[in-house]
Amino acid sequence: MKKLYLIAAFASILLSLGFVAACGGDDGDEGESAGQLEIFSWWTAGGEADGLEQFFATYRKEYEDVEIVNAAVAGGAGANAKAVLKNRMLGGDPPDSFQVHGGQELIDTWVVPGKMEPITDIWDDEGWRDVYPEQLVEMVTHEDEIYSVPANVHRGNVLWYNKKVLDDNGIQPPKTFEDFFAAAEKLKAKGIPALALGDKLKWEAAHLFEDVLLGTLGPDGYRGLWTGETSWEGAEVKKALANYDRMLDYVNKDHAAHTWDSATQMVLDGDAAMTVMGDWAHGYFLSKGAKPNVDYGWAPAPGTEGSFMVVTDTFGLPDGAPHRTDAVNWLKVVGSKEGQEAFNPKKGSICARTDCDMSVFDEYLKSSATDFKANQLTPSEAHGSAAPEGFVTEFNDIVFSFVTGRDTEAATSAIQQACTDSGMCA
Ligand code: GAL
């Protein structure tokens, strides 16, 4: 009788353990799949969504029984997603993995407050240290631990143009600001906005301005903005604002109603001649069936030849990821050669890994890969690498106000103040 009772008790403990595992879905340390994976990003636009789907397809090949929940929140550069993510993370409801830019956005926002698990062991097991450039590894490292895996490298400083519009007007892609202004005047005479801008979510105005800063200050002066060596109130930044101010004279009047992708569409439709945007615009053009070097062309943003504004999307492991084993497998796919070769040609970016097969990339992406190796690399502020998030938000607000108010003194002193407040210019 006693024996029977013990067996029944043991069985009920086993049952309840099984019940807990099934309900909680926490595969924790056991390493078993929970059959689900929730991935958070802001990739919903043309090109972005197609790239993400390629990562999912690669994942499904190996883990066909895992249901993937795509928790993407629309809005370029994470303009809406970041707030949703913050609520979830602080509310103890993390996704299994989320898109985050390498650099300050990862380290300052998530790693330092203890919200991420280090993934250094995965890096070592997968041999990633041998196939990633040192600069990228540094952007995801904090105090000797690695916290995420870069999926790609986007170039932030690209001028995209409608080939037919420039050809019809006898215009060469402008290399300098003066070239740009001469071209813009010609186009103005024909009633064509030279530059498409869509700053509905604010960051797009800051994106254009950071490229103008790079084009005016050069790579060293630009880098100095993030180390305190270049003053925000100095003559160089004022010159950059003057260039920016002048460029704004040639943007579409309805810019505040557009987003990055609808502004890119304006170029494709010939409603504007050019736009300055990261090369996710290339992914967008491709998703619309446009042909590179036929329907659209590209050049470094004015003044930025020889510099490469680095934007890298990475994925990490939030502390308390609900389906940890499935999340770890996701990271392995993101860091894999196969995953990156599938994702990047659609996304409009180059592999973060150095060993991808270049034959899968088109003409534009091949040129980007060449420039990434040869150019001066500079960190993007608008896309999370150069500055802490508090500064990024204030900078977006200040630059957005400048677009309407055009007040140079107010802008430079407000940015200087934001820089001091953030501790960057202390
Ligand atoms: C950037 C991101 C890119 C692209 C872009 C527009 O911040 O790094 O992958 O998605 O926003 O949404």
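Me: OK, starting point: two strands pair if DSSP finds at least two bridges between them. What counts as a helix or a strand here?

Reply: Both are DSSP runs, numbered from the N terminus: helices are H or I over at least four residues, and strands are E over at least two. This is a predicted model, where local features need pLDDT of at least 70 and side-chain atom pairs count only at pLDDT 80 or more, while totals for chains, interfaces and linings use all residues. Residues are numbered from 1 along each chain as its sequence is written, and side-chain values use heavy atoms, with hydrogens and water left out.

Me: Good. What's the strand order in the sheet of 4 strands?

Reply: The order is β14-β8-β12-β15, in an open sheet with mixed pairing. Its edge strands are β14 and β15 (376-379), each of which pairs on one side only.

Me: What does β8 pair with?

Reply: Strand β8 runs antiparallel to β14 (residues 350-351), joined by 2 bridges. It also pairs with β12 (residues 307-311) in the antiparallel sense, again over 2 bridges.

Me: Which residues face each other there?

Reply: On the β14 side, V153 has I350 as its bridge partner, and N152 has C351. Over in β12, V310 stands opposite R155.

Me: Which way do the β8 side chains point?

Reply: From β8 (residues 152-155), N152 and H154 point one way, and V153 and R155 point the other way. In a regular strand the side chains alternate between the two faces of the sheet.

Me: Are those four residues buried or exposed?

Reply: All are buried. Buried means under 20% relative accessible area, exposed means over 50%, and partly exposed is in between (1.4 Å probe, protein chains only).

Me: Switching to the ligand. Which residues come nearest?

Reply: E48, H101, D313, K347 and H383 do, out of the 13 residues around the ligand. A residue is near if one of its heavy atoms lies within 4 Å of the molecule.

Me: What kinds of residues make up that shell?

Reply: The shell divides into 6 nonpolar, 4 polar and 3 charged residues. Ala, Val, Leu, Ile, Met, Phe, Trp, Tyr, Cys and Pro count as nonpolar, Asp, Glu, Lys and Arg as charged, and the others, Gly among them, as polar.

Me: What distances do you get from E48, W42 and W43 to the ligand?

Reply: A polar side-chain atom of E48 is 2.5 Å from an oxygen atom of the ligand. For W43, an N or O atom of the side chain is 3.0 Å from a ligand oxygen, and for W42 that kind of distance is 3.3 Å. The protein buries 100% of the 300 Å² that the ligand exposes when taken alone (areas by the Shrake-Rupley method, 1.4 Å probe; for residues, only the protein chains shown count as cover).

Me: New topic, helix α4. How many of its residues are buried?

Reply: Helix α4 (residues 104-111) has 6 of its 8 residues buried. They are E105, L106, I107, T109, W110 and V111.

Me: And where is N243?

Reply: N243 is in helix α10 (residues 235-248). It counts as buried because its relative accessibility is 11%.

Me: What does its side chain touch?

Reply: The side chain of N243 makes a polar contact with that of T216, at 3.2 Å. A polar contact is a pair of N or O atoms within 3.5 Å; within protein, one must be able to donate a hydrogen and the other to accept it, and residues adjacent in sequence count only if both atoms are side-chain atoms.

Me: Now loops. Is P95 buried or exposed?

Reply: P95 is buried, because its relative accessibility is 0%. Its loop lies between α3 (81-90) and β3 (97-101).

Me: What about D144 and K202, what phi do they have?

Reply: D144 has a positive phi of about 70° although it is not a glycine, and K202 also has a positive phi of about 70° without being a glycine. Most residues other than glycine have a negative phi. D144 is in the loop between β5 (141-142) and β6 (145-146), and it counts as exposed at 72% relative accessibility. K202 is in the loop between α8 and α9 (203-224), and it is partly exposed at 30%.
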